[in-house]
Each structure stands twice: as C-alpha cells, then as structure tokens.
Amino acid sequence: MNKLKILTILLIMIGLSGCEQSATGFSLPAGDVAKGEQVFLSMQCLSCHEVEGYERPEGTEDTLSVSLGGKVQSLKTYPELVTSVINPSHRLAKGYDTTKIQVEGESVMPVFNDVLTVTDLVNLITFLESKYELEPYSQTKYIMYH
Ligand code: HEC
C-alpha cells in the first residue's frame, strides 16, 4: 500500500471514531518514543512549538510558541493528536492569539503528510503522547481568616 492509501484509511478511521472520542476501534502499531523524538527534531517542530526540556532553534522563541506536552487536566487522546498533526486545521489549539496561529481559518502549521511515513507518524505521536502528564483536578482551597 502506498502512503496516500494508508493515510486515507487513517482519516476514515478518525472520521468513524468521531472527534471527541477515545481510541476505540483505532489501533495503530506500537510506536517508539526515541524514534519519535528524532522525527520531532528533524521536522523542526520546535520552530513553532515549545516542549519542556527541549531547546528551541535560535530566533524562533519570539515568533510562535504553541506549547505541547506538560501538565494538562484532560489528556489529548491518541486520535486527537493524530488529527492535530495530519489535519492541523481541523480544530485549532485553544488559548492562543488567533491572528498568529491561523490565516482565514487555516492553521499556519504545515502539513507533513507527504514527508512523514506512517511509521514516522506513529512514532511521533507516541513521543508526543509521552510528553503529556495528567494533572489531577484540584479543588480551590479556601483560606480561613481568623
Ligand atoms: C510553522 C509553525 C509550525 C510548525 C513547524 C509545526 N506546528 Fe504544530 N502547530 C502550529 C500552530 C500555529 C498550532 C496551533 C493551531 C492548530 O491547532 O493547528 C499547532 C498545533 C499543533 C498541535 C495541537 C496542539 C493543541 O494543543 O491542540 C500539535 C499536536 C502539533 N501542532 C504538533 C506539531 C508537530 C509534531 C510538528 C512537527 C512535525 C509541528 N506541530 C510543527 C504551528 C506549527
């Protein structure tokens, strides 16, 4: 099968699994975090993204800084991460200056679908997934004044 066919199948699977859902019915082979890191670095994802523990290429820190990974209150599901990478405009990241992250509704993030192999993609997503950490929901503490 060629890359395009596999990607089409992936897209259909994502479509079938719905946007908000878990990974039910969506099972890709296990990925490799270290190899995914190599993909992440070689594709220059850090020119627009920040990830804790990684240095950004010089001069890019001020331009665009969409953070990936870190502590979150609800984890991104595997299909959500796949969608973010192969179809960046599907849903734009929240909490950013919309004049910086999109142009006429299209994400400024390049589409890497013609340069990544499916294996690269699986490894890349496995790497990204490993960077997120679930932060338990903490209730607001009310201080008692005496
Ligand atoms: C030219 C800048 C640019 C490059 C290069 C880039 N991205 Fe992005 N990316 C963005 C922008 C802007 C957003 C926010 C808008 C959106 O959600 O598409 C984003 C969003 C994302 C999101 C969703 C984040 C969220 O919280 O919803 C993921 C995951 C992601 N990028 C992964 C990657 C990976 C992996 C690479 C490298 C293969 C990469 N990006 C390369 C600009 C970029």
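Which element gives the most to the lining of the largest pocket? That would be H3, with 6 residues.

## Before we go on

This is a predicted model, where local features need pLDDT of at least 70, side-chain atom pairs count only at pLDDT 80 or more, and totals for chains, interfaces and linings use all residues. Residues are numbered from 1 along each chain as its sequence is written, and side-chain values use heavy atoms, leaving out hydrogens and water.

## The largest pocket

The largest pocket holds about 1100 Å³ of space. Among its 44 lining residues, Val66, Leu68, Lys76, Ser84 and Ala93 are the closest to its centre. By type, the lining splits into 27 nonpolar, 12 polar and 5 charged residues.

Strand E2 (66-67), helix H3 (78-86) and helix H5 (118-131) each bring at least two residues to this lining. Helices here are DSSP runs (H or I) of at least four residues and strands (E) of at least two, numbered from the N terminus.

## Around methionine 109

Look for methionine 109 in the loop between strand E5 (106-107) and H5. It counts as partly exposed because its relative accessibility is 24%; buried means under 20%, exposed over 50%, and partly exposed in between, using a 1.4 Å probe and protein chains only.

Leaving aside residues up to four places away in sequence, methionine 109 touches His49, Ser84, Val85 and Pro88, where contact means heavy atoms within 4.5 Å. Asparagine 87 is 22 residues from methionine 109 in sequence, and their C-alpha atoms are 9.3 Å apart.

## Two cysteines

Cysteine 45 is buried, at 11% relative accessibility, while cysteine 48 is partly exposed at 26%. The whole structure has 0 disulfides, meaning pairs of cysteine sulfur atoms within 2.5 Å.

Notes: 1 Å grid on protein atoms, 1.4 Å probe; cavity = no way out; pocket = protein on both sides within 12 Å on 5 of 7 lines; lining within 4 Å. Points joined across faces, edges and corners; volume = space filled by probe spheres on them. Nonpolar A, V, L, I, M, F, W, Y, C, P; charged D, E, K, R; others polar.
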